[in-house]
Amino acid sequence: MALDETDLDALVSVAAAILDEAASPFVSGHGADSAVQKKGNDFATEVDLAIERQVVDALVSRTGIEVHGEEFGGADIDSPLVWVLDPIDGTINYAAGLPTAAILLALVRDGEPVAGLTWLPFTGQRFTAVVGKPLFVNGVAQPQLQQTALAGSVVGTSTFDIDSRGYFSGRYRIAILERLSRECSRMRMHGAIGLDMAYTAAGMLGAAMNFGGHVWDHAAGVALVRAAGGIVTDLSGKDWTVGSRGALAGSPGVHAEMLDIVLSVGAPEDY
């Protein structure tokens, strides 16, 4: 489907209204118990499931574009045009009553995020962007990210289990964090990669690094960071795609320094 900038802006406007509607049940369900056990220690709350149903129904009826959601799947991620939804980013935070949780929505065209929306209902922050145009925070256009240095930046990193044997093993992760700590004393683990990427796009974080994750964890943030003038790759330095394992997002200077650190520890399979 061919879309010009006017079409994308209109779609983002419709999607923003839909996420505003979803913010009310998101806030009222804070602290919800697990409803569905997922892989490992992950789970979905009843609110995840309800919000995904609500947002999917609204997006399909109002935009005519199908949705790929975290909880129920849906349209193929390789569709020419598809919404990608994470109804609650930071589910464990959300269930614990922490405010560090978000709703993530991206519009992906031919495998590339072309628009992103990240809603943080507990802090009242709304991040929107169409790639190639400015990042907006609560409707206000933001300046492009400038060249900055890692040493003075706050960096968001994902959580880890030292005994994990996944593709990015615990020992690989700790090797990166150990080296990173020598260059940056301001690391933060918020437990919500979408939040980290939105804050990176807005310049509050210099970079965000996630070991793993899925397309719904990253797609919205990729659009936001790229619109803001930042860089998003996988952990090997290749441009992030919907099939990437992990993500490294940052302002131009910080991303380069972070990538050097990641590459310096060797390949994940060495661990």
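Gly90 is buried, with a relative accessible area of 8%. In this report, buried means under 20% relative accessible area, exposed means over 50%, and partly exposed lies in between, for a 1.4 Å probe and protein chains only. The structure is a predicted model, in which local features need pLDDT of at least 70 and side-chain atom pairs count only at pLDDT 80 or more, while totals for chains, interfaces and linings use all residues. Residues are numbered from 1 along each chain as its sequence is written, and side-chain values use heavy atoms, with hydrogens and water left out.

Gly90 belongs to the loop between strand 5 and helix 3 (91-96). Helices (H or I, at least four residues) and strands (E, at least two) are DSSP runs, numbered from the N terminus. When residues up to four places away in sequence are not counted, Gly90 touches Thr100, Ala101, Gly191 and Ala192; contact means heavy atoms within 4.5 Å. Gly90 and Gly194 are 104 residues apart in sequence, and their C-alpha atoms are 8.2 Å apart in space.

## Helix 5

Gly194 is one of the buried residues of helix 5, which also include Ile193, Leu195 and Met197. Because 9 of the 9 residues of helix 5 are buried, this helix is largely enclosed by the rest of the structure. After helix 5 comes Gly203, whose phi is positive, near 85°.

## The nonpolar cores

A nonpolar core is a set of buried Ala, Val, Leu, Ile, Met, Phe, Trp, Tyr and Cys residues joined through side-chain atoms within 4.5 Å. The largest such core has 37 residues, and Met197, Val215 and Trp240 touch the most other members. Several elements each supply at least two residues of this core, including strand 5 (81-89), strand 6 (102-109), helix 5 (193-201) and helix 6 (215-227). Helix 6 provides the largest share of this core, 8 residues. Apart from this core lies another, of 31 residues, among them Leu11, Ala15, Phe26 and Ala58.

Which residues does Trp240 touch, not counting residues up to four places away in sequence? Among them are Pro113, Val215, His218, Val222 and Ala247. His218 lies in helix 6 and is buried, with a relative accessible area of 0%. Leaving aside neighbours within four places in sequence, the contacts of His218 include Ile193, Met197, Asn210 and Trp240. The C-alpha atoms of His218 and Ala17 are separated by 21 Å, and the two residues are 201 residues apart along the chain.

## Aromatic pairs

The structure holds 9 aromatic pairs. Rings of Phe, Tyr and Trp (its six-membered ring) pair if their centres lie within 6.5 Å; planes under 30 degrees apart count as stacked, over 60 as edge-to-face and the rest as tilted. The ring centres of Phe168 and Phe211 are 6.3 Å apart and the planes stand at 55°, so this pair is tilted. The pair links distant parts of the chain, 43 residues apart: Phe168 is in the loop between strand 11 (155-157) and helix 4 (170-183), and Phe211 is in the loop between strand 13 (207-210) and helix 6. Both Phe168 and Phe211 are buried.

The rings of Tyr172 and Tyr271 have centres 5.5 Å apart and planes at 65°, so the pair is edge-to-face. This pair also joins distant parts of the chain, with Tyr172 in helix 4 and Tyr271 in the segment after helix 7 (252-264), 99 residues apart. Tyr172 counts as buried, at 1% relative accessibility, whereas Tyr271 is partly exposed, with a relative accessible area of 35%. Tyr167, Phe168, Tyr172, Phe211 and Tyr271 form one aromatic cluster.

## Positive phi in two loops

Asp110, a residue other than glycine, has a positive phi near 50°. Asp110 is placed in the loop between strand 6 and strand 7 (112-120) and is exposed, with a relative accessible area of 59%.

Asn138 likewise has a positive phi near 50° and is not a glycine. Its loop runs between strand 9 and strand 10 (140-141). Is Asn138 buried or partly exposed? With a relative accessible area of 39%, Asn138 is partly exposed.
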